[in-house]
Amino acid sequence: MNIGAHVSTRGGLALAPGRAVELGAECFQTHPTSPQSWRPIAGDDESASAFRAAHKAAGSLPHYFHAIYLINLATPKDGHREQSGDALVDHLLWADRLDAKGVVFHPGSHLGAGFGEMLPAVIAVLARVLQETESCPVPLLLENNAGSGACIGRNFEEVAAILDGVNSPRLRMCLDTAHVFASGYDIRDAAGVHTMLDALDSKVGIERISLVHANDSKAELGSNADRHENIGDGKIGNEGLSALFQDPRMARIDAVLEVPGMEHEGPDRININRLRSCAGKPGLD
Ligand SMILES: [Zn+2]
Ligand SMILES: [Zn+2]
């Protein structure tokens with residue numbers, strides 16, 4: 001298992017690979033554009049080759065894009081839903097250009113219309129996005145959420161309904177450990193982790209997981225609150241995280257931290273080492 005982190009793109013995307021190496025990350029995730037803005041990803045041939053050179057110099061670590069937070073594929077408002085699809089197309093094309101291994105996205109909220117009611121529209125917009133990017137090998141990675149409000153993807157049944165409905169090898173899943181816990185899966189010990197992984201495998205299929213967001217949770221089990229905590233300092237704790245990250249079923253999956261960090265400046269080397277220890281890997285200096 002590669003242990004990595006979300007890293008900042010402050011000053012330009014091409015600075016991200018170096019930041020990942022500095023942290024001791026073996027893989028990394030970025031926001032390729034401001035996550036609160038609809039602005040398309042800014043770039044040209046020059047910025048693309050600057051990123052590719054920096055990425056190569058950093059050992060070509062596997063990297064992932066996290067799409068903007070404005071995306072909502074489940075909204076009953078057709079315009080917003082299609083605009084969300086367009087944003088995913090933009091992310092996928094850039095991901096292909098910059099050798100990213102996947103584009104993580106939050107599926108959004110049905111805003112009270114109901115999951116079953118909006119499911120066909122969710123499937124249609126995802127199918128359209130994948131069709132428009134047919135020549136691109138990069139997968140979309142649907143991230144499970146903590147289950148607040150009318151968010152979709154709150155449990156493995158909902159994730160599976162979307163993945164099965166689209167039925168494309170390019171639609172896969174990103175598992176966030178803090179969200180899975182807050183949405184009601186008790187992963188505080190080995191027995192709970194096995195139960196969760198069995199459910200994940202039977203509903204979604206572990207072979208459809210590409211990435212794990214490795215986070216402890218400030219929020220309680222089943223609270224539906226999305227609050228990440230440093231590894232070992234939250235309500236999940238080391239016992240559950242160790243059972244999860246040492247489970248052989250997780251061995252081929254990349255993991256990135258999205259924790260606040262000891263200095264509240266994002267994932268740091270201390271959390272990298274804590275997660276490495278959970279995964280049974282030797283610590284870094
Ligand atoms: Zn996310
Ligand atoms: Zn996440």
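Donors are the N, O and S atoms within 2.8 Å of a metal (3.2 Å for Na, K and Ca), and since water is not among the atoms, sites may look incomplete. The model is predicted, so local features need pLDDT of at least 70 and side-chain atom pairs count only at pLDDT 80 or more, while totals for chains, interfaces and linings use all residues. Residues are numbered from 1 along each chain as its sequence is written, and side-chain values use heavy atoms, with hydrogens and water left out.

**Exercise 1.** Find the protein donors of the zinc ion (ligand 1) and state their spacing along the chain.

*Solution.* Step one is to list the donors, which are His66 (NE2), His106 (NE2) and Glu143 (OE), at 2.1 to 2.2 Å from the ion. Step two is to read their order along the chain, which gives the spacing H-x39-H-x36-E.

**Exercise 2.** Determine which residue coordinates both zinc ions, and whether this residue counts as buried or exposed.

*Solution.* The zinc ion (ligand 1) and the zinc ion (ligand 2) lie 3.4 Å apart, and Glu143 coordinates both. Glu143 has 1% relative accessibility and therefore counts as buried (under 20% relative accessible area; exposed is over 50%, partly exposed in between, with a 1.4 Å probe and protein chains only).

**Exercise 3.** Describe the site of the zinc ion (ligand 2).

*Solution.* Begin with the donors, Glu143 (OE), Asp176 (OD), His213 (ND1) and Glu258 (OE), which coordinate the ion at 2.1 to 2.2 Å. Then take the angles among these 4 donor atoms, which run from 87 to 176 degrees.

How values were computed. Chains are lettered from A and ligands numbered from 1 in the order in which they are written. Four donors count as tetrahedral if all angles lie between 85 and 135 degrees; four count as square planar and six as octahedral if opposite donors are over 155 degrees apart and all others between 65 and 115; anything else is irregular.
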